[in-house]
Every structure is written in C-alpha cells, then in structure tokens.
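My plan was to go from the overall picture to single residues.

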Amino acid sequence: MSALKPKALRIAAVLTMSAAALSLGACAPGSGAKWAAAGHAADIPAATPTGKAVTCIPITSIRESRVRDDWTIDFRTGGDTWYRNTLPNRCSNLGFERSFSYATSLAQLCNVDIITVFRNGGGPTGPLGSCGLGMFQPVKLAKEGKK
C-alpha cells in the first residue's frame, strides 16, 4: 500500500498543475481568424490571476460588469477587485449585445447560474439565449486602450 502513495501523490500533483495551467490560460487572450470566428474579441485586456478562482461572488458586492466577448465577462466588486468569468461554452450574441440578466434565489452569483442575453437596443426586444457561467477568477486587468 505504501508503494502506491508516492505514485498517487505524483498523479495528484500533475492534475493540480494541469488545472492551474488551464485556469491561467483562460485569462490569456488568443488571436487569429479562427479565434475571432469563435466569438472571441482581440481587444480583451490581459488579466493576471491574483488568487484562487472561486465558485461564487456576493451579488451585493458587484459594482460593474463588462462583457468582453461571447466567452468573457469581467465583474468589478467593492475595493476595485476584478473577477474574470470565462464561460465554459460560447454564449452567442453576448459579445455583440453586451447585455445580460440573471436570476438567483441566493445572495451570490455562482458558476452554476445561468445568464440570459438581451438585445441592447433597436429591433424586437426579448431574450436571445441563455448560457452558463464559469468560475470567477480574481485578476489584475491590464490597462485598457482609449476607444
């Protein structure tokens, strides 16, 4: 039994490092036509992780949200802490409309919650689709260029 412990520890260490690499990679913007065609924006500010990703953030602490593209929403909470939420699946029209709503019975917005994309003006109103959230990664955002 003791011979299995070092092997199990090595496997756990590899899995932990792989998960950390994936969470850091989720904060890095990609590039190229294929990236853009998949709903990613090229002008997303880089985000450096500042701590461990969390499953929920308190709704009362959310001061602002910035939709970056069909995959990415940045949430600013009190104290100017930013959380990058990289959705596990593309949320069509989110990056174009940049408008969403959510409903929850809890005092928190969590990675198991669903957002609904709404038309941001002009044309027929109403929901355009719903998407699941991902983990909330605390980040330091790079300075954004002037638009």
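**Ground rules**

I noted that this is a predicted model, in which local features need pLDDT of at least 70, side-chain atom pairs count only at pLDDT 80 or more, and totals for chains, interfaces and linings use all residues. Residues are numbered from 1 along each chain as its sequence is written, and side-chain values use heavy atoms, with hydrogens and water left out.

**Entry 1: the whole chain**

I looked up the elements and found 3 helices and 10 strands. Helices (H or I, at least four residues) and strands (E, at least two) are DSSP runs, numbered from the N terminus. Read from that end, the order is α-α-β-β-β-β-β-α-β-β-β-β-β.

Next I checked burial. Of the 147 residues, 31% count as buried. Buried means under 20% relative accessible area, exposed means over 50%, and partly exposed is in between (1.4 Å probe, protein chains only).

The accessible surface comes to about 9100 Å², and 60% of this surface belongs to carbon and sulfur atoms. Such areas come from the Shrake-Rupley method with a 1.4 Å probe; for residues, only the protein chains shown count as cover.

Then I looked up contacts, meaning heavy atoms within 4.5 Å. Among the contacts with a separation of 6 or more, 55% are between residues 24 or more positions apart.

**Entry 2: the sheet**

Which strands form the open sheet, and in what order? I found 5 strands in the order β1-β10-β5-β4-β3, with antiparallel pairing. Two strands pair if DSSP finds at least two bridges between them. β1 (47-49) and β3 (62-67) are at the edges with a single partner strand each, so one side of each has no neighbour in the sheet.

β1 is joined to β10 (residues 136-141) by 3 bridges, and the two run antiparallel. Thr48 has Lys140 in β10 as its bridge partner.

**Entry 3: the disulfides**

How many disulfides does the structure hold? I found 2. A disulfide is a pair of cysteine sulfur atoms within 2.5 Å.

One joins Cys56 to Cys110, with 1.9 Å from S to S. The torsion about this S-S bond is about 110°, so the disulfide of Cys56 and Cys110 is right-handed. Cys56 is in strand β2 (residues 56-58) and Cys110 in strand β7 (residues 108-110), so I noted a link between distant parts of the chain, 54 residues apart. Cys110 is buried, at 5% relative accessible area.

Cys91 and Cys131 form a disulfide too, with their sulfur atoms 1.9 Å apart. Their S-S torsion is about 85°, so this disulfide is right-handed. Cys91 lies in the loop between β5 (81-86) and α3 (94-97), and Cys131 in strand β9 (residues 127-132), so the pair ties together parts 40 residues apart in sequence. Both Cys91 and Cys131 are buried.

Counting bonded cysteines along the chain, I wrote down the pattern 1-3, 2-4.

**Entry 4: the aromatic rings**

A search of the whole structure gave me 2 aromatic pairs. Rings of Phe, Tyr and Trp (its six-membered ring) pair if their centres lie within 6.5 Å; planes under 30 degrees apart count as stacked, over 60 as edge-to-face and the rest as tilted.

For Phe75 and Phe100, the ring centres are 6.3 Å apart and the planes are at 80°, so this pair is edge-to-face. Phe75 is in strand β4 (residues 72-77) and Phe100 in strand β6 (residues 100-102), 25 residues apart. Phe75 is buried at 1% relative accessible area. Phe100 counts as buried at 17%. Ring pairs link Phe75, Phe100 and Phe136 into a cluster.

**Entry 5: a loop residue**

Is Asn120 buried or exposed? Asn120 is exposed, with a relative accessible area of 52%. This residue is in the loop between β8 (114-118) and β9. Leaving out residues up to four places away in sequence, Asn120 touches Glu97 and Ser99. The C-alpha atoms of Asn120 and Ser99 are 5.9 Å apart, and the two residues are 21 residues apart along the chain.
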